[in-house]
Amino acid sequence: MELAHILVLALVQALTEFLPVSSSGHLGLMGFLLGWDYQGVTFDLALHFGTLLAVLVYYRRDLIAIATAMLTRDRSDQGRAHHRLGLGLAIGIIPAVIVGLSMG
């Protein structure tokens, strides 16, 4: 795969990941429209993993604050807010875990 293909697909991934559209679908569609061979699911997963890493790096301070509040039970106003957010995230993940486990 050429560097130009990688850069175009990475840009498509970055632009479509957080929109209410399928970024994976757009990766396949972009290659199809430009006449490229399908890059494969491994490359798609690598792009998604790169997105995950970027999000984790960007939100690292918030994630550390939430984890600290969840583990220490910080009673300050900000600690309680982070604890509440952590509980909400944990509860929000439950449906995805159930679906994921039922597929395996």
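User: Which residues does Ser23 touch, not counting residues up to four places away in sequence?
Analyst: A quick note to start: this is a predicted model. Ser23 sits in helix α2. Leaving aside residues up to four places away in sequence, its contacts are Gln13, Thr16, Glu17 and His48.

User: Is Ser23 buried or exposed?
Analyst: The relative accessible area of Ser23 is 7%. Buried means under 20%, so Ser23 counts as buried.

User: How are α1 and α2 oriented to each other?
Analyst: Two packed helices are described by the angle between their axes and the distance between the axes. For α1 and α2, the angle is about 150 degrees and the axes are 9 Å apart. Angles over 145 degrees count as roughly antiparallel, so α1 and α2 are roughly antiparallel.

User: Which residues of α2 meet α1?
Analyst: The crossing of these two helices, α1 and α2, is right-handed. From α1 come Val8, Leu9, Val12, Gln13 and Thr16. On the α2 side, they meet Ser23, His26, Leu27 and Met30.

User: Let's turn to α3. What span does helix α3 reach from its first C-alpha to its last?
Analyst: Helix α3 runs over residues 41-58, which gives it 18 residues. At 1.5 Å a residue, 26 Å is expected, and the helix comes close to that. From first C-alpha to last, α3 reaches 26 Å.

User: Are α1 and α3 oblique or roughly parallel to each other?
Analyst: These helices, α1 and α3, pack with their axes 10 Å apart, at an angle of about 55 degrees. Angles under 35 degrees would count as roughly parallel, so α1 and α3 are instead oblique.

User: Which residues of α3 make the contact with α1?
Analyst: The crossing of α1 and α3 is right-handed. On the α1 side, the contact is made by Ile6, Leu9, Ala10 and Gln13. Their partners in α3 are Phe43, Leu47, His48 and Thr51.

Terms used:
Residues numbered from 1 in each chain as written. Predicted model: local features only at pLDDT ≥ 70, side-chain atom pairs only at ≥ 80, totals over all residues. Heavy atoms only, no water. Helix = DSSP H or I, 4+ residues; strand = E, 2+ residues; numbered from the N terminus. Expected span 1.5 Å × (residues − 1). Axes fitted to C-alpha atoms, helices over the stretch in contact; angles between N-to-C directions. Parallel < 35°, antiparallel > 145°, perpendicular 65-115°, else oblique. Left-handed = near helix turned anticlockwise from the far one by under 90°. Contact = heavy atoms within 4.5 Å. Buried < 20%, exposed > 50% of the residue type's maximum accessible area, 1.4 Å probe, protein only.
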